[in-house]
Amino acid sequence: MIMKKSFIILSILTCLFCAVSCESVEEIPADLTAGQLLQKGQNAYASSKYEEAERYYLETIKRYGNNLETFVEARYELGHLYMKTKDYQKAYENFNQILQLFQTDKAASIPVAYKKLAQNGIDKIPAEEKEKFNSAKTDEE
């Protein structure tokens with residue numbers, strides 16, 4: 001009888017744990033514009049829902065990345081997000097993608113402010129972090 005009660009209590013606790021820890025991932029509506037996706041990402045970021053914000057920014061790139069200005073804005077937002085979460089390598093990669101676009105013939109179609117913002121983002125990465133992923137990159141070559 002005690003074993004049966006223990007099993008029931010354990011089962012209930014397991015169900016409660018799963019219900020609390022397993023947040024359902026909300027489907028991103030297919031009809032959202034690039035601006036709406038970016039805004040939802042910014043709202044999630046402001047609420048410290050960083051994984052949700054990342055999903056919106058990546059979805060913006062997936063759906064609207066062929067628009068260079070939208071691509072750059074979403075990459076910048078991702079870089080900013082990764083700085084906040086201290087994922088400095090991903091932050092660097094996103095900011096660097098923006099800077100590389102300014103070295104192409106597409107630069108004229110990108111708001112120049114993003115060049116400065118991306119460089120500022122890279123400059124804020126701690127030097128020891130930059131050394132880590134730069135040395136890892138050198139080791140791969």
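K132 and E129 lie 3 residues apart in helix α7 (residues 127-140), so about one helical turn separates them. Their side chains meet in a salt bridge, with N and O 3.2 Å apart. The model that shows this pair is a predicted one. The protein has 7 helices and 0 strands.

**Overall make-up**

- Read along the sequence, the elements follow the pattern α-α-α-α-α-α-α.
- Of the 141 residues in the protein, 31% are buried.
- The accessible surface of the protein is about 9,700 Å², and carbon and sulfur atoms account for 55% of that surface.
- Among contacts between residues at least 6 apart in sequence, 50% join residues that are at least 24 apart.

**Salt bridges**

- The count of salt bridges in the model is 2.
- K132 has a relative accessibility of 51% and counts as exposed, because the cut-off for exposed is over 50%.
- R63 also forms a salt bridge, with E59 as its partner and 2.7 Å between the closest N and O atoms.
- R63 and E59 are 4 residues apart in helix α3 (residues 50-64), so they too are separated by about one helical turn.
- R63 is partly exposed, with a relative accessible area of 24%.
- E59 is buried, with a relative accessible area of 16%.

**Helices α2 and α3**

- Helix α2 (residues 34-46) packs with α3 at an angle of about 165°, and their axes are 7 Å apart.
- The two helices are therefore roughly antiparallel to each other, since an angle over 145 degrees counts as such.
- The crossing in which α2 passes α3 is left-handed.
- On the α2 side, the contact is made by A34, L37, L38, K40, G41, Q42, A44 and Y45.
- On the α3 side, the contact residues are Y50, E52, A53, Y56, Y57, E59, T60, R63 and Y64.

**Helices α3 and α4**

- The axes of α3 and helix α4 (residues 68-84) come within 9 Å and cross at roughly 160°.
- That angle makes α3 roughly antiparallel to α4.
- Helix α3 passes α4 in a left-handed crossing.
- From α3, the residues in this contact are Y50, A53, E54, Y57, L58, T60, I61 and Y64.
- From α4, they are T70, F71, A74, R75, E77, L78, L81, Y82 and K84.

**Helices α4 and α6**

- Helix α6 (residues 113-123) has an axis that comes within 11 Å of the axis of α4, and the two cross at roughly 20°.
- α4 and α6 are therefore roughly parallel to each other, because an angle under 35 degrees is counted that way.
- Their crossing is left-handed.
- V72, E73, Y76 and M83 of α4 make the contact with Y114, L117 and G121 of α6.

**Loop residues with positive phi**

- Most residues other than glycine have a negative phi.
- S48 is not a glycine, yet its phi is positive, at about 60°.
- S48 lies in the loop between α2 and α3, and it is partly exposed with a relative accessible area of 47%.
- K86, another residue other than glycine, has a positive phi near 60°.
- K86 lies in the loop between α4 and α5 (88-101), and it is exposed with a relative accessible area of 59%.

**K84 and its surroundings**

- K84 lies in helix α4 and counts as partly exposed, at 48% relative accessibility.
- Leaving aside neighbours within four places in sequence, K84 is in contact with Y45 and Y50.
- K84 and S48 are 36 residues apart in sequence, while their C-alpha atoms are 9.7 Å apart in space.

Conventions
Residues numbered from 1 in each chain as written. Predicted model: local features only at pLDDT ≥ 70, side-chain atom pairs only at ≥ 80, totals over all residues. Heavy atoms only, no water. Buried < 20%, exposed > 50% of the residue type's maximum accessible area, 1.4 Å probe, protein only. Contact = heavy atoms within 4.5 Å. Areas by Shrake-Rupley, 256 points an atom, 1.4 Å probe, with all protein chains shown as cover. Salt bridge = Lys/Arg side-chain N within 4 Å of Asp/Glu carboxyl O. Axes fitted to C-alpha atoms, helices over the stretch in contact; angles between N-to-C directions. Parallel < 35°, antiparallel > 145°, perpendicular 65-115°, else oblique. Left-handed = near helix turned anticlockwise from the far one by under 90°.
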